[in-house]
Amino acid sequence: MHSTREYNFDGLVGPSHNYAGLSFGNVASFSNVKSASNPKQAALQGLAKMRALAARGFAQALLPPQDRPNFRLLRSIGFTGTDAEVLARAYKESPVILACAYSASPMWTANAATVSPSADTQDGRVHFTAANLNNKLHRAFEHAQSARSLRAIFSDDRHFAVHEALPSTPAFGDEGAANHTRLGASHGAPSVELFVYGRVEFDPSAPSPKRYPARQTLEASQAVARLHGLDTKRTVYVQQNPDVIDQGVFHNDVIAVGNGNVLFYHEQAFADEEASLSQLHRAVAATGADLQALRVDTGQVPIADAVSSYLFNSQLLTKEGGKMALVIPQECQENRAVSRYLDGLVASGGPIDELIHFDLRQSMRNGGGPACLRLRVALTETEARAMHQGVIMTETLYHRLVQWVEKHYRDHLEPGDLADPQLALEVHAALEELTIILNLPGLYDL
């Protein structure tokens, strides 16, 4: 049980990292629409974070970027001709759709899938369900490559099961691990799996947001739990507060984060805070653990500050000795209310005694922080050996990837550059070389 480690699989930012502002309901993404991006800087910032955490002894790996542009999408809606002609016509007739085909959002691997470790599942395997992300055109095609990448890395079906995405219909809107938290005594112990949903498809009377879409349904969360063979006694469903969704909290991981027996959350996170916490306390207690709920009051950190700083989109990591570190974006220290709160949190003598901060400004401006960038996968020693080793972050891999980024990535990308057929060729060349570096032949259908 104690030999289980949690691997953080960070998304390697792709060469087409751009600010198209495609994600309605994601305030950071929307507010940077059509500004110039720096793909090279974005990738290097992400790699620096992975390297630093690996050097600290945390288990760190990566998920490769997806192929862009998505010619399958463009051709399926009537853009024909050579690749260059497809790009030129799409840019002329619908630059927004071209931007969707070039979306950089697979970097948010918290949305790639929901993961249940073997300690929680009926058949004793690690289960993955690729998220359908059907709320947004630019993300609705990601699940095919996400499942393909996960199967390439977790190919041993004695230890792993990778499920296809749920039916791509509003009833089963599924955004993956961004709305899923695991709470228990340790990574290797049978734990409570918490699913947070935004709306109920088949109950029109259930509360739902008015301004922005609720992307996760109760029905999707229940379906994932069934696919993974979870114990109903250790599975909890809680509704996200519709009012905070309307304030730009598009996923639960923008308003709460959990790790081990600690839930760090904002008082406005859940539709019914008292009932939600009561249910969680009971379920976690039944596993033999004692839930520590760290509540942040609105008076300490208003919702607007939580969203702009991505305080809760931080990684909560267990260190040697049992205390926890909170991995925060630099923006947390630049926000007065958040910075003051965090100073008090670390000084309080509670479970979180360290802050680790990173400059992730390129990804933050696209609408995601440290927690969006990673998918958590708890693995026993046997399971860790059974997965593909080429994606585990080491000093050697870090330096190879830095050289690769310096060689292939642009340091300036404007919206108009998406019409440049040369960009598509550059991306394909980069990804072909990446499959060699990671030793994942056939990863892409190039």
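1. Is Cys372 buried or exposed? Cys372 is buried, with a relative accessible area of 2%. The model is predicted, and this value is computed from it.

2. Cys372 takes part in no disulfide. The nearest cysteine sulfur belongs to Cys332, 13 Å away. The structure as a whole holds 0 disulfides.

3. Now the strands. Strand 1 (residues 5–11) and strand 2 run parallel, joined by 5 bridges. Across this pairing, Phe9 stands opposite Ala61.

4. Strand 2 (residues 59–63) is mostly covered, with 5 of its 5 residues buried. Side chains in a regular strand alternate between the two faces of the sheet. Here Ala59, Ala61 and Leu63 point one way, while Gln60 and Leu62 point the other. Both sets are buried. Note that Gln60 is among them.

5. Next, the nonpolar packing. The largest nonpolar core has 77 residues. Phe9, Phe154 and Leu401 touch the most other members. Helix 16 (residues 421–437) supplies the largest share of this core, 7 residues.

6. Phe154 deserves a look in the viewer. Leaving out residues up to four places away in sequence, Phe154 touches Phe9, Phe128, Phe160, Val162, Val377, Leu379 and Met387. Phe9, one of these contacts, is the strand 1 residue that stands opposite Ala61.

Definitions and conventions
Residues numbered from 1 in each chain as written. Predicted model: local features only at pLDDT ≥ 70, side-chain atom pairs only at ≥ 80, totals over all residues. Heavy atoms only, no water. Buried < 20%, exposed > 50% of the residue type's maximum accessible area, 1.4 Å probe, protein only. Helix = DSSP H or I, 4+ residues; strand = E, 2+ residues; numbered from the N terminus. Pairing = 2+ DSSP bridges. Core = buried A, V, L, I, M, F, W, Y, C linked by side-chain atoms within 4.5 Å. Contact = heavy atoms within 4.5 Å. Disulfide = S-S within 2.5 Å.
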